[in-house]
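Please open the model in your viewer and keep the selection panel at hand. The stops below go from one fold element to the contact between chains.

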Amino acid sequence: MQPVISIRDLTKTYAGGFEALKAVSLDIDKGEIFGLLGPNGAGKTTMINIICGIVTKTSGTVTVNGHDNESGFRETRGCIGLVPQELPTETFETPYNVCRFSRGLFGKPPNPDHIEKVLRSLSLWDKKDTKIINLSGGMKRRVLIAKALSHEPDVLFLDEPTAGVDVELRQDLWRVVQSLRESGVTVILTTHYIEEAEQLADRVGVINHGEVIVVEEKNKLMRELGKKELVLHLADPIDAIPPGLDGYHLELGADGSELTYHYDTKSDHTGITALLSALHKTGIRFNDLQTSQSSLEEIFVGLVNKER
Amino acid sequence: MNWYSVQAIYRTEMSRMMRTVVQSIVAPVLSTSLYFVIFGAAIGSRITEIDGVSYGAFIVPGLIMLSIMTESISNSSFAIYFPKFSGTIFELLSAPVSWAEIVLGYVGAAATKSVIIGGIILGTASFFVEINVAHPAIMLLFLVLISVSFSLFGFILGVWADGWEKLTIVPILVIMPLTFLGGTFYSISMLPEFWQKLSLFNPIVYLISGFRWAFYENADVAIGLSLGMVIGFLAICLGVVWWIFKTGYRLRA
């Protein structure tokens, strides 16, 4: 399948000499939700801005739907919608007017039905004639999303769309993103809320210091880089791990009533059976146990820290 | 040509004028009326005629020029500076529009406003003095060309400015003095020879002279030279705007 966005050896060095992107190569598949993760200043927004035409690249190529984003800017920009990180809005305009403007600006003929559909999907219809200056921060965020959807884009960039918004709006946005995916729209999502990427993304890319560290299917990434742990709640607290359990690298909880065992689900032997047998031999009894898998956030933190 | 984009920008800019109708239209009409009261009545009682034209009627083309030049600069510079200031410029830069379409939208709207204001001032002036336009087509040509050129100039100013102060520095410190010294209220032939020659270095002289010729067939410089100066200024501004978008100067990082 031809990727909807293809980035090759993309570099960006700003006038001050800061190298924001270092030969980044990345493919985004059609119809997927791609989570682009990275700490502040990693290069996420620079990359998005180059693809959208807001920032000029230093070298490399970017194609969208097979068109170069400079020589074929009409084709590439026309099919992209962008929700920026900040909240820049036309203060004295109304949501309906700014959506109508955005649609026209992106070269689409007027379509009041589509504008109404977008505004309704974001719970903005009853605010359509209210001046944006009088809307709350969350509502302004919705207006930005509505603007980006006004010209029916094939690709939607959401640059930290839920930063500083309440739970209700976040869930609304997640629903909108899911419905966009169902209608075939490719969504590239950058977020600081890793659970958002965990919830929504099909694939995840991690960028740090201007370099892409990893690109992988989210579930595969969590399987491969994630670790599982088994926590045993002991019937009687212990002061130290007995010598017979040395080989299992157990962690003893602060009050001595919990033992934690880390294991790899991919390996041939998890070691759980042997551990339980060893516990029995040493006379340690437990009255409960639980397993858990490391979150995408823990994987992300691990990847970024490894780079440092 | 992406006409939907041009139309979107143009319509939004025109609706901004309607939102700020007092600032956009009433203010220039009021200031023109005041000029008539102060210059037409006070000075006109002492200078009855210039080149066979009553003083009140003589200053009309200059007043129209003064207004359309300042309004063109003000409207187009604000139109592009405000999105830069508020951050909404991202949408314009990420839209599938060429530099020519952006300019057509913004400059077209600013120039339209100026032409409307020019017409309103002409109408207002006709309440004070009798005005005859000897060459209406050439008058309209000058009005449109000067509105477009100064709107382009304002657009450049708006891109260049990185603060509100810079937006007003050029109109107040450069354009306004050059316009007042460019024959708005007098013919440069009334000046001593040295000042006459010095005035010829003021480009505004050529614009006002040409525009006034279209009214009364009186000019300080040849009409062809005036037209050439307007077209030359337009070409320079277009060249600078093209360069801005080619290099991304103060627009794209």
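Begin by selecting helix H9 (residues 272-282) of chain A, which lies across S11, strand S13 (258-263) and S14 of chain A and runs at about 20° to S11(A); axes here are lines fitted to C-alpha atoms, for helices over the stretch in contact (heavy atoms within 4.5 Å), with angles from 0 to 180 degrees between N-to-C directions. Helices (H or I, at least four residues) and strands (E, at least two) are DSSP runs numbered from the N terminus. This is a predicted model, in which local features need pLDDT of at least 70 and side-chain atom pairs count only at pLDDT 80 or more, while totals for chains, interfaces and linings use all residues. Residues are numbered from 1 along each chain as its sequence is written, chains are lettered from A in the order in which they are written, and side-chain values use heavy atoms, without hydrogens and water.

Next, show the open antiparallel sheet of chain A, whose 4 strands follow the order S12-S13-S11-S14, pairing meaning at least two DSSP bridges between strands. Strand S12 (251-252) and strand S14 (286-293) are its edges. S11 (residues 228-234) is joined to S14(A) by 7 bridges, and there Leu232(A) has Leu289(A) as its bridge partner.

Now turn to the interface, where 24 residues of chain B meet 30 residues of chain A. Select Glu101(B) and Arg74(A), whose side chains form a salt bridge at 2.7 Å, N to O (a Lys or Arg side-chain nitrogen within 4 Å of an Asp or Glu carboxyl oxygen); the count between the two chains is 3.
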